[in-house]
Amino acid sequence: MTKRLETALKPHLFDPEGAGLCRRVRDYFGWEIGESRVINMLTLDTGLTEEELEAARNGIFTNPVTQVSAFADGEGGVRWDFTDVDWAIWVGYRPGVRDTAGSVAIEAIADLLGKAIAPADAAYTSRLYLLKNAPLSRTQAETIARELLANEIIQQWKVYRGADWMEGGPADIVAPRVILAHEPSVGEISLESDQQLAKLSDERNLALNRNDIPIIRNYFLRPRVLEERAKFGLSAPTDVELEAISQARSDHCNHNTFCGKFRYRDLLTGERFTVDNLFKTCIQAPTLQLRDQKEWVVSVLWDNAGVARFDSRFNYSVTGETHNSPSNMEAYGGSLTGIVGIYRDIMGVGKGSRLIAGLYGFCVGPRDYSGPLKPHLHPRRLLDGIVEGVKDGGNKHGVPTPFGNLFFHPSYLGKCLVFVAALGIMPKEIAGKPSELKCPAQGDLIIMSGGRVGKDGIHGVTASSESYGATTPAGHVQIGDPYTQKKMHDFLLEARDEDLITFITDNGGGGLSSSIGESAALAGGAHVELDRVPLKYEGLDVWEIWISESQERMTVAVNPGNLDRFMALSRKHDVESTVVGRYENTGKLRLEYGGKTCALLDLSLFSEDFPQWQFDAEWLAPEIRSLAEPPLSEPGNYGTLLNALLSSPNLCSREWIQRQYDHEVQGGSAVKFMTGRDRDIPNDAAVIRPVLDSNSGLAVAQALLPAYSAIDTYHMVAAVIDESVRRILAVGGKLDEIGGVDNFCWPGIQYDPVQNPDGRYKAAQLVRANLALKDLCLAWSIPLLSGKDSMYVDGSLPGAFGERHKVSGLPTMLFTATGIVEDVLQSQTLEAKCAGDLVYMLGFTADELGASAYYDLLGYTGVNVPKVAGFADPKALDKDKSDALLALYRAVQTVVARGLVASCHGIYRGGLGVHAAMVAIGGRLGLKIDLSKVPVLDDGLPDDRRLCSESCGRFLVTVPKECAPDFEHIFAGLPCGLLGEVTENPELVVTGCSGRQIVGENIFALRGSWMGTI
């Protein structure tokens, strides 16, 4: 029986969601709507009786104080006491899309009634938006539905005139059941030629590299392989096998680009060299070298996340990745599955970690974009969606979200970037064995725990291994379920603590194909019965079951002797767990369906000598690209300039995002993301206390500076790492225990004279970026605990006349830094604390405004990009300068640890003026600073350079006067300038080198500029 429950706020109550829709319609389109009311609908497709349905309505779904509810009578909707409705817009999910709220509703009903609900019973949520005093045409109403309320990839909608809705209601709304009138099958594919397989790859979105195709074909033609396959009734390769191979060989999973060979040539100097495998050369080799030197590094480079020592009892885990392609298609679902997916990486590291934090980074087109290009989602809507997705992933999972980044640039109109990262904590030992070690054993059972498999998530990793365009498949888009995953998280930790798990990993990219395929390589083989895999609905083809990336699933290896206890815990936590196979030391991956073998692959195939990808990399130095410093005079009004910088989109307040994220859940927040007297200024880093009976803390910060890529990606990466390190030091982290996570996002680098004519230059940019990563990490002893690369940040967008434009994103690297804080009570924050404290600037300022916020404000790029001292160019390390900078950093660590500073803040994008304003606004105090006292290498540096330069390696600190002698003693011989003092008068007063005051701005006016943009 199908019944639709409709629930709404009582007519006399204010409807905040409806008011929000009115505001969004006005902001997006400039149309005025007098009032909007929202009706929540729950379509129940169950065998429940009328009495049970009424019990659920009153006991679960209706708040009698604020809400009214009723079941639709079958002839139409409920006759609500709402009048003067002009338009009614209904929005619901398409069949097959994960409906988390509907699933939770079924669970709640089962709990209320105290009985199990039939497996076929389901609930489907939707909403009806009533628009009153809305003088809109049908076209306008449909635009609101399509552009604001629904995404056609995952949702459907209907638009009713108010009179039609009032008369009959939405009687045509039915349950979006998935009905696949399809008998699952296994297809054999004849591979008569390389061209045929290439055509098949394009048709099935396999994203196979053309150089891989002969290797794949030749494998299936080997006499030994043919003989072994014949024993199991196989001859030609099956669709299951080809899909599995395509997942394993995708650039997303196999990192073919980073493992490629790069022939680098500098077109200015003629320098040539070859980098054979960027990953091994610039990431793996330095990390392994540093791992052997640093006993606090526990596990790197092989598991779902990196592991490092937290204290004598615990280790912490950290990782990061991106979810660009799905988010570009469906912002909310893409970012939600991104954040809950990275959570599963933490859940699957070692024997399992408890989640303690999630992080984010968003790169999108300008929020107010009004140009001729037509991205799939307008940047405003896209940003709103990805913000909400990460919010729901963290808040509903019970994971704090204490740090994040946001950057706007037109290059991300083609494909947005959604970075996600996560941290976990795990005991050093489980049952006397190191918790980071795991390996499936011969005879272990393969168990899939968590959600079920559906069509959502098909071809996720292959879609992420290509540019976005008109033919990008929508099937890889999913909707995550943080509630189900939270239950699974708690269940698996309890199983871990009872030592029931021998191996665990997540079903992320590639689904079972990746999780079982990769773990089978550790065990020596596996046998899987795919008809045992729980499905969301019947009718999936066998290959879809194997590669689907449907969310909230983990693959676990359990000794048969522990199965009963494991399943008992699974039932206790209401998590579905199913034995789907067994690890066998056969050297093969064998899949069955219906008692017949549908795939038989040698594990050695996945490590075959596939051709290494080859790239020509041609570096065009800034001089060749005609970059130069702009012919600018000094500003005549620095106060107006400072307000304009603070209000610019990439510097203004992000509080509207940060306030949506719960960073207090779990109770471990020691240094908040938002700090200052009124908790409204973002701090350099967050410090969390993951073990509540200890004062030890974990500092975490991130940085990204894509604008610098327009000049030189070597210095972009160097500056990003430098900023991350300074952020950790500013809160009390230890320089010798900083770990890093590198997340690269790059446009396609394979040269094509038509589709990618600048591919060689982009390849050189990638080489230079990786060389910077290697140089900085080795010189500063920063091991890379984890990392990820995501290529193909390109889009093909329609223009005003039906033509399509290729839009490539700026080369981007987000760097996550972690560091131990011995005592969170000694952590430091950025805001000025007390009038009379002295203001010091640490580190040299140079004429380095290339790609700065100042130049961007004026429409220039420039050429003098900020450079980290000692790193002028790849392979040109000046150790003396690098060591001098590290000496400054160790002095900062010392004064923070000894409590000699009242505040500590790095100087980042925007320069001294912007960050002095942050220090003053945060403390609600004034600052007086003298630019002539700024430590510089060139005494003739003009005021605008001193105020707006983005030189690396600098801090702004305030020091109590009684601490000044000890402070200055520690910084003797280092670049340290006494700029002025903190004042009671709430003004930022800046004196130029001539002795003339050039800035005199009230800090509350500055705050207004900073807060008022977005």
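Let's start inside: the largest cavity holds about 550 Å³ of space. Keep in mind that this is a predicted model. Searching the whole structure turns up six cavities of 30 Å³ or more.

What surrounds the largest cavity? Its lining is made of 28 residues, and N405, N650, L651, P682 and R727 are the ones nearest the centre. Sorted by class, that lining has 15 nonpolar, eight polar and five charged residues. Four elements each give at least two residues to it: the strands β13 (403-408) and β27 (681-682), plus the helices α22 (713-730) and α26 (911-923). Which of them gives the largest share of the lining? That would be β13, with five residues.

## Two helices that cross

Next, a look at how some helices pack. Two packed helices are described by the angle between their axes and the distance between the axes.

Take helix α6 (residues 194-204) and helix α7 (residues 213-221): their axes come within 10 Å and cross at roughly 115°. Angles of 65 to 115 degrees count as roughly perpendicular, so that is how α6 and α7 sit relative to each other. The crossing of α6 past α7 is right-handed. On the α6 side, the contact uses D194, L197 and A198, while α7 brings in I213, P214, I216 and R217. Five residues of this α6 and α7 contact are nonpolar and two are charged, with no polar ones.

## Two helices side by side

Now for another pair, helix α13 (residues 331-347) and helix α16 (residues 482-497). Their axes lie 11 Å apart, and the packing angle is about 5°. Angles under 35 degrees count as roughly parallel, so α13 and α16 are roughly parallel to each other.

Which residues make the contact between α13 and α16? From α13 come L336, V340, Y343, R344 and M347, and from α16 come P482, Q485, M488, H489 and L492. By class, the contact of α13 with α16 has seven nonpolar residues, two polar ones and one charged.

Technical notes
Residues numbered from 1 in each chain as written. Predicted model: local features only at pLDDT ≥ 70, side-chain atom pairs only at ≥ 80, totals over all residues. Heavy atoms only, no water. Axes fitted to C-alpha atoms, helices over the stretch in contact; angles between N-to-C directions. Parallel < 35°, antiparallel > 145°, perpendicular 65-115°, else oblique. Left-handed = near helix turned anticlockwise from the far one by under 90°. Contact = heavy atoms within 4.5 Å. Nonpolar A, V, L, I, M, F, W, Y, C, P; charged D, E, K, R; others polar. 1 Å grid on protein atoms, 1.4 Å probe; cavity = no way out; pocket = protein on both sides within 12 Å on 5 of 7 lines; lining within 4 Å. Points joined across faces, edges and corners; volume = space filled by probe spheres on them.
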